[in-house]
Amino acid sequence: MKLSCIIVEDIQIAADFLRKFCEKSDLVEVKGHFLNVSDALEYLDREKVDLLFLDIEMPGANGFDLLDRLTYSPMIILTTSKTEYAFNAFQYHVDDYLKKPFTFKRFQESIQKLQLKSAAVQASAVAPPVSAPSTDTDFLFIKAEDKLIKLKKDDILFLESMRDYVKFVTPARNYITYSTLKNMEEKLIGPNFLKVHRSYIVNITKIDDIRGNTIYLLGNQIPIGKGHRDEVAAKLNIL
Amino acid sequence: MPNIRSGFVFDECLNSAFLAELFDGDTIYAETVFEDFLRDLPVYWQRVDNAFENENLPVLGTCVHTCKTLFGYVGFTDLQELCQQFENNCSVNRMDDLRDDYRLLTERKEKAQRVIEKEYNRLREYNEANG
């Protein structure tokens, strides 16, 4: 399946090359090209894409400003002619970094790497065993520490996104698996789990109390995201 | 180095090995890119000149950065390096320290523009002949 993407790039020649490479690869579908961050954000508020090709230095806001304001987590390939941004790229957990101008071969390597990564994320979300009595089991398996670990759903306090990884927090210990919160939300979690923030899914049966916009559970404090407050209020029967 | 796939040989001042890989024998697209370069460079360089006249070093660095990227797409690897040095100097030097470098960079840019004009014409003729 093709990855949908947008190109955020102020230099037309660079954007044209990217578009041409996307067409040639047949692995990526370009949904749009934006010359600046504000136009790109306006589009991303309406539409979701799998991948952003993002330049850093543009007039007005830069590429990192866009990443700060994104409300979801598509895959990111930075396209820049400066190598100095590598550290920032690492901090922002970008998926790859293409130094302009780059060849089709380098582009293709990057896209194939993302496809493998995407497939690995999907595969790491292991469904319950075939012998399980029904799909709505009270446990799940996660890939961590080179094995499949069985976790009782009831033992999970909350899940925390760590970009390409998810941390499962239980009273006894934490487990980190290679996946995304979105994947967990869609495939594994039952009715007792609620996304309360872009980085957190909480087991609502474990909540001790809520103060302001913070959930307290077993000594942990979880923020409630602005966009999730109504849903939290509805789900928790807050009177 | 000759472009094996297309038979077109780029000017020796350009990084022809890189261009051969970048265009992969597609001289029609190379012609388009060289044409776009000639269209865009004067616009971007005007911003460089304006920033220099206004003695706005941060903007000057950013504008040279953009031109550096453009030079890369037509194979001026050495000019890219010169732009990078100038861009770095914009963040640490004073305006007076940059005047000689700016003059040199402008001369190199003009020479580059002439080379690309010539290469664009050669590409156009080559593509017409090999239609």
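Me: How is a pocket read here, and what volume does the largest pocket have?

Reply: Rolling a probe the size of a water molecule over the atoms shows where empty space is left. On a 1 Å grid over the protein atoms alone, a pocket is an open set of points with protein on both sides within 12 Å along at least five of seven lines, and its volume is the space filled by probe spheres set on the points, which are joined across faces, edges and corners. In this structure the largest pocket has a volume of about 1400 Å³. This is a predicted model, in which local features need pLDDT of at least 70 and side-chain atom pairs count only at pLDDT 80 or more, while totals for chains, interfaces and linings use all residues; side-chain values use heavy atoms, with hydrogens and water left out. Residues are numbered from 1 along each chain as its sequence is written, with chains lettered from A and ligands numbered from 1 in the order in which they are written.

Me: Which residues lie nearest the centre of the largest pocket, and which element gives the most to its lining?

Reply: Lining residues have an atom within 4 Å of a point. Of the 39 residues that line the largest pocket, A:Tyr72, A:Ser73, A:Pro74, A:Thr180 and A:Lys182 lie nearest its centre. Helices (H or I, at least four residues) and strands (E, at least two) are DSSP runs, numbered from the N terminus, and H6(A) gives the most to this lining, with 6 residues.

Me: How does a cavity differ in definition, and which residues line the largest cavity?

Reply: A cavity is a set of points where a 1.4 Å probe fits but cannot get out. The search of the whole structure finds 1 cavity of 30 Å³ or more, and the largest cavity, with a volume of about 30 Å³, is lined by A:Leu41, A:Leu44, A:Asp45, A:Arg69, A:Leu70 and A:Thr71. Helix H2 (residues 37–46) of chain A supplies the largest share of that lining, 3 residues.

Me: How should I read the interface, and what area do chain A and chain B bury between them?

Reply: Buried area is the accessible area (1.4 Å probe) that two parts lose on being put together, summed over both. Chain A and chain B bury about 1900 Å² between them, 61% of it on carbon and sulfur atoms. In chain A, the residues A:Ile13, A:Phe17 and A:Pro101 lose the most area to chain B, together 34% of what that side buries.

Me: Which side chains meet in a salt bridge?

Reply: A salt bridge is a side-chain nitrogen of Lys or Arg within 4 Å of a carboxyl oxygen of Asp or Glu. Across this interface the rule finds 2 salt bridges, and the side chains of A:Lys24 and B:Asp24 meet in a salt bridge at 3.5 Å, N to O.
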